[in-house]
Amino acid sequence: MARVRRHQRLLSTLAFALLALVAELAGRSLTHRVDRALHVTSPISQHEEYYPFLLAGVKVAVALLLARLAWRFVRARAIARAGRRALAAVGARPAHTTPRVRISLSPRLWLACFGATSLCYLVQTDLERVAVGNWPLLAPWLHTYALPVFAVLAVLAAVVWGAVSRWLAEYENYAEATLAHASRLTARAASPAPRYAVVTSAAPRARFGLAFECRPPPLAAS
């Protein structure tokens with residue numbers, strides 16, 4: 001169980017990193033458009049040789065992530081349906097209601113998304129400019145609208161990630177709890193009723209005990 005949890009935690013971390021990378025690419029493109037509309041010189045370069053490979057890798061990773069999410073949902077749904085059918089067979093209902101998607105914003109999650117996307121943008125842009133002989137350092141943050149753009153995108157990414165991950169985890173727990181509840185009720189219904197021995201006849205000694213050993217009183221003299 002601990003190994004499965006560590007595996008799920010690792011996959012969740014990789015999925016969050018992929019979401020941050022997707023948000024960074026979207027923010028990079030949006031920053032470029034905002035800077036161009038406001039006539040701000042942008043240090044963004046989307047014509048590097050690695051850029052098509054980066055986009056291709058991100059698309060493949062997103063496809064794998066969506067496939068994994070779909071598999072988790074299908075598996076949890078199959079478990080929940082099996083549990084509900086078993087409960088219906090014994091005339092019972094699930095102990096818990098089906099979880100619903102809840103929209104909320106976690107400040108810690110927003111900060112993690114904002115820090116990951118903005119730092120990734122800063123490092124990548126600095127490396128691109130350093131490669132051509134410039135040393136921008138914090139220029140991508142100070143001389144563009146990257147920070148406001150990534151702040152807004154971090155809100156969207158945090159809301160989507162929190163809602164999907166929370167709902168999927170709750171649905172998996174609901175499915176497992178429903179199946180476990182059905183298994184307990186089914187096992188209880190299938191167990192034979194206890195049998196009690198019915199004494200049809202017994203010896204007088206067993207029925208009356210010590211009273212059987214007592215002698216009758218003597219007859220009165222006439």
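User: How many salt bridges does the count come to?
Analyst: This is a predicted model: local features need pLDDT of at least 70, side-chain atom pairs count only at pLDDT 80 or more, and totals for chains, interfaces and linings use all residues. Residues are numbered from 1 along each chain as its sequence is written, and side-chain values use heavy atoms, with hydrogens and water left out. A salt bridge is a side-chain nitrogen of Lys or Arg within 4 Å of a carboxyl oxygen of Asp or Glu. By this rule, the count comes to 2.

User: Which residue forms a salt bridge with Arg-72?
Analyst: Arg-72 is in helix H2 (residues 51–89), and its partner is in helix H5, 100 residues apart. Helices here are DSSP runs (H or I, at least four residues; strands are E, at least two), numbered from the N terminus. The closest N and O atoms are 2.8 Å apart, and the partner is Glu-172.

User: Is Glu-172 buried or exposed?
Analyst: Buried means under 20% relative accessible area, exposed over 50%, and partly exposed in between (1.4 Å probe, protein chains only). Glu-172 has 13% relative accessibility, so Glu-172 counts as buried.

User: Which residue meets Glu-170 in a salt bridge?
Analyst: Glu-170 is in helix H5, while its partner is in the loop between H2 and H3, 68 residues apart. The N to O distance is 2.4 Å, and the partner is Arg-102.

User: How many disulfides does the count come to?
Analyst: A disulfide is a covalent bond between the sulfur atoms of two cysteines. The rule asks for a pair of cysteine sulfur atoms within 2.5 Å. By this rule, the count comes to 0.

User: Is Cys-113 buried or exposed?
Analyst: Cys-113 is among the residues with the most contacts inside the largest core. Its relative accessible area is 3%, so Cys-113 is buried.

User: What is the relative accessible area of Leu-137?
Analyst: Leu-137 lies in the loop between helix H3 (107–131) and helix H4 (139–142). Leu-137 is exposed, because its relative accessible area is 59%.

How values were computed:
A nonpolar core is a set of buried Ala, Val, Leu, Ile, Met, Phe, Trp, Tyr and Cys residues joined through side-chain atoms within 4.5 Å.
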